[in-house]
Amino acid sequence: MPTHSLAALPIRRLTLRDRIACADLSEDRGWPREEHKWGFLLSAGTGYGIDSPEGGLVAACVVTEYGPQDRPDLSAIGMVLVAERHARQGVGRRLMRHLLSVLGPTPLTLHATPNGRPLYEELGFKVTGRAEMLRGRFTPDGSDEPESRIATRAATAEDLTGILRLDEEVFGTDRTPLITRLPAFADQLRVAQDNGRIIGYAAAWPNMDTHVVGPLIAQDSETAKALLASLAARTDRPLRTDIDARHEDLLSWAKEHGLEYCASNSVMTYGIAELPGDWTRRFAPLTVAAG
């Protein structure tokens, strides 16, 4: 399809019915299909896409908004994909410029691959951090090592208020529409407690042949380790997670316990110098696609 024809194709809102077409697009670019994740993102956020006259999608992305519905505090952009046959023809740039126009003054964030980073920098995004993707089979401590002093347990419906309160405090904005979907989306949702107070929580959700650990929110590194270990003990799948590179202690510990470095993404922002909230308690995102 000629470049001028591509530019004439309209950008539209995607719906949950587009989940399979989005998964096809992921597969076209050599990414995992991730239908479960696409369904979650299209339900919790807003998808944008360009239809191909030949069938399927030319391009797609998802925006997840946080804070007040009428005036979000922050929007995360993720899953920006362009079909291989239309790559390097300005489609991704057009889609991103459309988002910048639609989202207006709302501060933005995204996780950029090395390939995507130059486009985002051209559009005015700044690198403010880095996340390391780890993957592998978690190997627990030997019997000669002391058990964690941090108590963890499966979350219950009664915990949701405490989880939401902690999440807003740590993330810096209200994520209720996203977090309330976690019990149905994840296979595990666990909390860490101290004297009856929730001091951390984490989820493990299915993605292809792995369980992705995220979000991982904890008062300190020891609590994050306890939560990650407790999730690992209850699955036979390899784990995958994206850990803020500033948490060097957790990264080293995870690598000592069988997880291996896969890739690194740049955390980028637009309209704000850095992300809100308390990064010292924010160890891993629910998914990099949702910030």
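**A cysteine and its surroundings**

Tutor: Let's start with Cys-22, which counts as buried because its relative accessibility is 0%. Buried means under 20% relative accessible area, exposed means over 50%, and partly exposed lies in between, with a 1.4 Å probe and protein chains only. Before we go on, please keep in mind that this is a predicted model, where local features need pLDDT of at least 70, side-chain atom pairs count only at pLDDT 80 or more, and totals for chains, interfaces and linings use all residues. Residues are numbered from 1 along each chain as its sequence is written, and side-chain values use heavy atoms, leaving out hydrogens and water.

For Cys-22, the nearest cysteine sulfur is that of Cys-61, 9.3 Å away. Another cysteine, Cys-262, has a relative accessible area of 39%, so it is partly exposed.

Helices (H or I, at least four residues) and strands (E, at least two) are DSSP runs, numbered from the N terminus. Pro-32 is partly exposed, because its relative accessibility is 38%. Leaving aside neighbours within four places in sequence, Pro-32 is in contact with Ser-26 and Met-208, where contact means heavy atoms within 4.5 Å. Met-208 sits 176 residues from Pro-32 along the chain, yet their C-alpha atoms are separated by 7.4 Å. For Ala-184, 24 residues from Met-208 along the chain, the C-alpha separation from Met-208 is 17 Å. Ala-184 belongs to helix 8 (residues 182-185) and counts as exposed, because its relative accessibility is 73%.

Helix 3 is largely enclosed by the rest of the structure, because seven of its 10 residues are buried.

Next come some backbone details. Most residues other than glycine have a negative phi, and most peptide bonds are trans. Arg-88 is not a glycine, but it has a positive phi of about 60 degrees; you will find Arg-88 in the loop between strand 4 (74-82) and helix 4 (91-103). Asn-195, also not a glycine, has a positive phi of about 55 degrees and lies in the loop between strand 8 (188-194) and strand 9 (197-207). Arg-88 is exposed because its relative accessibility is 74%, and Asn-195 is exposed because its relative accessible area is 78%. A cis peptide bond, with omega about 0 degrees, joins Gly-214 and Pro-215; Pro-215 is in strand 10 (residues 210-218).

Finally, step back to the whole chain. The protein chain has 10 helices and 13 strands, and buried residues make up 52% of its 291 residues. Among its contacts between residues at least 6 apart in sequence, 72% join residues at least 24 apart. Along its principal axes, the C-alpha trace spans about 65 × 35 × 30 Å.

Note on methods: A disulfide is a pair of cysteine sulfur atoms within 2.5 Å.
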